[in-house]
Structures are given as structure tokens and as C-alpha cells.
Amino acid sequence: MNDKIIFTTSRRRLTEILIGLVSLFFASGAIATILKYLWPQTVTAASSEVRIASVDEVTTGSAKKFTFNGKAAVLLHMPAGFRAFGAVCTHLGCIAYWKPEENDIFCPCHIGRYDPNTGAVISGPPPSPLPAIDIIVKEGAVYALKWKDPDYVRSISFYAGAA
Ligand code: FES
């Protein structure tokens, strides 16, 4: 008889503890939601900046390879200023590179040539331009910000998942 009372009390106590834990679980979710509402996380443009190079590192007429959103990319310092493009060729996905002696971005696989100022196709089989990357120059360095035209990037199969 006495054992039964102890068992009943323990079971009741256990039930109370479980209810308390479940209530605490749901309450913590509600509190977290309220806190997120009161202090939303701010995603600033600065958080997506990718430092490519210092300004001095890429002199006029030169280039630097880098990776942007997991894809090969190239920063060019043209007389008119800095330019950045995805370097994955839009033809069959080879990596194009700056060829200063010919003043173009060159794809060696099938002799594709791109304009280093605009990314437009100059000659060869590439069906469409290299996608441009928005950049910013500040505090002596060049930073990549985002694809200039994310919809265009999504339309190029070799850039899957990069936009
Ligand atoms: S893969 Fe670049 S020209 Fe063919």
C-alpha cells in the first residue's frame, strides 16, 4: 500500500516535470521569436564583400584570378578602371584568363575571346558574355560585391548554384 502511494507520487511528479520541460521548450521558441522580432539581424552589404586584392597589387593592364561564389573569376585593371567577371567560359565551361598581349579575356579550349571591358564575346564559339561582378574600391583594396545580373548568371549552366 505504501509502495503504491510512493509510486503514484513519483509518477505524478514525473508527469509534472515532463509537462514543465515541454512548456519550457515551447516558451523558449516563443521567446526566441519575440527577440528576433525586436532585434532583427541586419545583413549589410559589407557582409557579402569579398576582398580580391589591394589596389597596388593589380596595376593597370594586369589581372588577378580569384574565386567568387565558388566560381573562377578574374579582376582586371583596365585604363578605364577595375572590372571583374566570372572566368568560366560560357561555351563549354573552360577557364578563361586575361591575355594582355591580345587585350582580351581568352579561353584556350576553343579560342574564345571576350572584351575585357564588358565581358562581351569578341570572337569564337562562346554563345554569351562572361557575367560581370559588381566591385567596389575602398581603403586601398578592391572588393567583389555581387553578380551584376543574377538572373543572367542563373541562365548559364556552368554557373549553377553561383547566383
Ligand atoms: S570552352 Fe571556352 S571557347 Fe569553348
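Helices (H or I, at least four residues) and strands (E, at least two) are DSSP runs, numbered from the N terminus. Residues are numbered from 1 along each chain as its sequence is written. Because the model is predicted, local features need pLDDT of at least 70 and side-chain atom pairs count only at pLDDT 80 or more, while totals for chains, interfaces and linings use all residues.

**Burial and core**

Of the 163 residues in the chain, 23% are buried; a residue is buried if 20 or more other C-beta atoms lie within 10 Å of its own, with C-beta atoms placed from the backbone. Two residues are in contact if their C-beta atoms, placed from the backbone, lie within 7 Å. Among contacts with a separation of 6 or more, 36% involve residues 24 or more positions apart.

A nonpolar core is a set of buried Ala, Val, Leu, Ile, Met, Phe, Trp, Tyr and Cys residues joined through C-beta atoms within 7 Å. The largest such core has 28 residues, and Val74, Ala84, Phe85, Ala96, Ile105 and Ile133 have the most contacts inside it. At least two residues of this core are supplied by each of strands E2 (63–68), E3 (71–78), E4 (81–86), E6 (104–107), E9 (133–138) and E10 (141–147). The largest share, 4 residues, comes from E3.

Leaving aside residues up to four places away in sequence, Ile133 touches Phe68, Ala73, Ala84, Phe85, Gly86, Ala144, Trp147 and Lys148.

**The open sheet**

Three strands form an open sheet in the order E1-E10-E9, with antiparallel pairing; two strands pair if DSSP finds at least two bridges between them. Strand E1 (50–54) and E9 are the edge strands, each pairing on one side only. From one strand to the next, the twist averages 30°, where axes are lines fitted to C-alpha atoms and angles run from 0 to 180 degrees between N-to-C directions.

| Strand pair | Direction | Bridges |
|---|---|---|
| E9 and E10 | antiparallel | 6 bridges |
| E1 and E10 | antiparallel | 4 bridges |

Asp134 stands opposite Lys146 in E10, and Ile136 has Tyr143 of E10 as its bridge partner. Val50 stands opposite Ala144 in E10, and Ala144 is also among the residues touched by Ile133. E9 and E10 form a hairpin with 2 residues between them. In its turn, Glu139 has a positive phi of about 50°.

Technical notes. A residue is buried if 20 or more other C-beta atoms lie within 10 Å of its own, exposed if 12 or fewer, and partly exposed in between; C-beta atoms are placed from the backbone.
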